[in-house]
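Keep the 3D view open as you read.

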Amino acid sequence: MSNTDQSGKRLLTTASYGGGLTFEGDDARVSESATAIPQRRLSGWSFAALVVAAIVCLPLISVVWLAFFPEENIWPHLFNTVLSTYVINTLVLMVGVATGTLLIGVSCAWLVTHHDFPGRAFFNWALLLPFAVPAYVIAYVYTDLLEYAGPVQTTLRSLFGWQLASDYYFPSIRTLPGAICMMILVLYPYVYLLARAAFLEQSASIAEASRSLGVSRRARIFKVALPMARPAIVVGLSLVMMETLNDYGTVDYFAVPTLTAGLYDIWLGMNNLGGGAQIATLLLIFVMVLIGLEKSSRRNQQNYQPSASRFRASSRTRLTKSKSVAACLTCFIPVLLGFIVPAWILGGYTITYLDESLNQDFKKSALHSIGLSSVAAIAAVGIGILLSYSKRLHPTRNMKFSVGVASLGYAVPGAVLAIGVIIPFAAFDNTVDAIAERFFGISTGLLLSGTVFALVFAYTVRFLAMAYGSINSSMKKISPHMDDAARSLGHSPGTILRKVHLPLIRSGILTAALVVFVDCMKELPATLVLRPFNFDTLATQVYQFASDELIGQSAIYALLIVLVGLVPVILLSVRIDRSGELSTQAAPSETTRQRIILPTG
Amino acid sequence: MIIIRITIQLSHLATVVSTMMYRSLQLAGVIATALFTQSVYADSVNIYSYRQPFLVDPIFDSFTKETGIEVNTVFAKQGLVERLKSEGKNSPADILLTSNFGNLAAAVEAEVIQAVDSDVLHSRIPAEFRDPDNLWFGLTNRARLIAVSKSRMADGAPTSYEDLAKPEYKGKICTRSGKHNYMVALTASVIAHAGLDNARDWLAGVKDNLARKPQGNDRAQVKAISQGECDIAIINSYYMGAMLADEEQTAWAKSINLVFPNQADRGTHMNISGMALTHAAPNKANAIKLMEYLTSDKAQSIYAEVNHEYPVNPKVQPSELVQSWGEFSYDSLSLAEIAQHRTEASKLADEVGYDN
């Protein structure tokens, strides 16, 4: 265990430099070469990872391929007319949503992990609730509430005796700022979830060390805690940015012309799929640049958590009365606006339209949703573990690149990704069919296209970024000395993964599974295009009504998505807490210790 | 204490839920195996539909009852033509149902549909509502109408699409997005009749008269009139029927009068929903049977009653409500020709900044 002691010591010493929690230069090189495994012994891992990454990339490759065959060159027209509007709106939307989610997500995570105030235990998980509300649903709900004919403005008019729209000013919800607010409300949980996990993983010894060295409270947040949590926060933020980029439901409903809205318009309105694919490719490049910039800005930074045996949870500061009120309000407002208000309105509609809605077979759609989302969550988590562990074993340039590309699926708008899935699947099916016909005289028809397998595949590709991001940021915090120690005892990488890494990154895995599950529940555009005959999910049911602005009839399905999404949110947040507390008891429990210590030989 | 108790309750719930999730996972496995091998019924017909299920399901139900042929559907708003194209000759789909003419034009262009030679279809559908080469067939018609406020536009209401660009209506008009299919089709018809430059001036004129940024669907425009946000809107005829069927929305529908535009000249612009036989069509015979059924008196009157559209089959009467609006003359320029101007129309909306 001397290696781990050393890493703990290094954390202590580097902390004294005021936040430079880094393994710099030589150290990084030493640990990397030590972790990397001789090629011939473990090519299985890298081979598997590269094959999986290649398969996952297929839909993206299809989209880029389509971009080479536009019906006509769209750029002169776009350049002369709407391109600047598209680009400016997209940038404003992204900056706005990123700022909002960052502020809410990080400050709430910091409050609940490091402070004690009335309601803390409740907010701890309640802050995740808006996560279960699809962005298109919250957009419908708030439009209903705040538009000219809605209850808010109607009440104001009757209170003040206004007659017409021109008599007073009321901000319109169907605008760019409106879209920014809607997206912040449902997307901040990504940042909150990952920031909270990162704060929980920070050992109290670090805070104590910095305190003993006279670092002020403020500096402890900005120079120690935040930089250490940065990789996780960045993962959350990049998920938010990609979700914002690929959103079509909200911007379409609010009629905000963004690049994504433009993409659909060129594809469907101008019947130019290739032109649409060009914009999709542009979005992809944009995301790659963004991720690249972030990575290079912390190239020399690497943080390791101390081994479980040295880990102690930070104690929470009790807040004074006035500060408690402020903390409560800070945590309550996002929950109120992001969850309670929409759930309340949906609940009201559900009751009004209950008889009408009950005719529909929503038990079946609920089962479809839950089944598909569970399978996709397992698949995405499995692939996420494979990719991040293989990258850890073989941090070659090739591996980093393929893993990076494989997790870009999230940046592609759903319906476009669906076309990207259809093309390789149909090509595979038709090739198999042609071969079978030629050699055996039988037609195999379509094997994969139009099956639930295609749906699960699309979900996995689309949400792999979330699974991989969460797992990888957890795994990165495990000191490479752990791997070295285990391998020096003669264990295979598979055993090490099972006995060392997996127990340590359990909360990361749970987070990944949770996020993917909930997002699959909400997924709409790809589901619509790819699904088999007579197959409905909760989201497709919501859409079928809501697309015709029959929000009342769609409410029961929307509410079901929210409720079913809630179960894992609550379940897993309880477990994350508990697993956090388990491994944080001052004297590490026997179970934790046993899990870490390997039998020799 | 309460919080602790809730936590304990929650962890109980968590155990129950995790067993439930495990069970549903097992169930998902069963569903997956069942669906993985796509069931091909001996007597079935498969449909890719851009039309919403609640409009067509009643008709399919009665078709199955009468013929014993199972109808399987996938509904999506976009991407079905692309799916057909990729699946190629092995596609399981037999029929493509579309909600507007744009989809049909896209299917023709992608070469995913085949001609149907059916005397029944010929005799039931007037020539202007089907493809000269028999590639597609119209099922229903909708008129693009002008809705005006009963109380505020009693006099001086616009009588043509061209009127909407007149300065006297400044700040009075509401429409949906200029890039929406129905608006694009209307602009395309103006291009077809008046030429590109005149159409640009027209669209810019309408844009100048808008009371608010384009948003919502046609129904939302009527709602805006009833609430006093604007006085004039452009809507598809069937939305009136839909609103009158809803308790809350009846008031909106009652606040407006309908104007059938351009009665003095070319007639009102129409759009169709339609169908086509796919190129692969593994169940061709059944598919043609269903296509013919969709134009039958029975199916056409369901269309008329459920969605208040104009049936293409001239023998079938529109719904009582639609009949009460009386006879009118419609634009008889072929849809295929109007469709050629779709891309131009969509670009015009960008050029005049209609949605900004």
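In this predicted model, the contact draws 56 residues from chain B and 55 residues from chain A. On the side of chain B that touches chain A, the elements giving two or more residues are α1 (2-36), β2 (70-75), α3 (80-87), α4 (101-110), α8 (218-226) and α15 (342-351) of chain B. Of these, α1(B) gives the most, with 15 residues. Sorted by class, this side of chain B has 21 nonpolar, 21 polar and 14 charged residues.

Now turn to the backbone of chain B. Most residues other than glycine have a negative phi, and two residues here are worth a look with that in mind. B:Asn134 has a positive phi, near 65 degrees. You will find B:Asn134 in the loop between α5 (119-124) and β5 (136-149) of chain B. B:Asn134 counts as partly exposed because 16 other C-beta atoms lie within 10 Å, and a residue needs 20 or more to be buried.

The second residue is B:His308, whose phi is also positive, near 55 degrees. B:His308 belongs to the loop between α12 (297-307) and β10 (310-311) of chain B. With 24 other C-beta atoms within 10 Å, B:His308 is buried.

Finally, move over to chain A and follow helix α19 (residues 414-440), which has 27 residues. From its first C-alpha to its last, helix α19 of chain A reaches 38 Å, close to the 39 Å expected at 1.5 Å a residue.

Methods. Residues numbered from 1 in each chain as written. Chains lettered and ligands numbered in written order. Predicted model: local features only at pLDDT ≥ 70, side-chain atom pairs only at ≥ 80, totals over all residues. Helix = DSSP H or I, 4+ residues; strand = E, 2+ residues; numbered from the N terminus. Expected span 1.5 Å × (residues − 1). Contact = placed C-beta atoms within 7 Å. Nonpolar A, V, L, I, M, F, W, Y, C, P; charged D, E, K, R; others polar. Buried ≥ 20, exposed ≤ 12 C-beta atoms within 10 Å, placed from the backbone.
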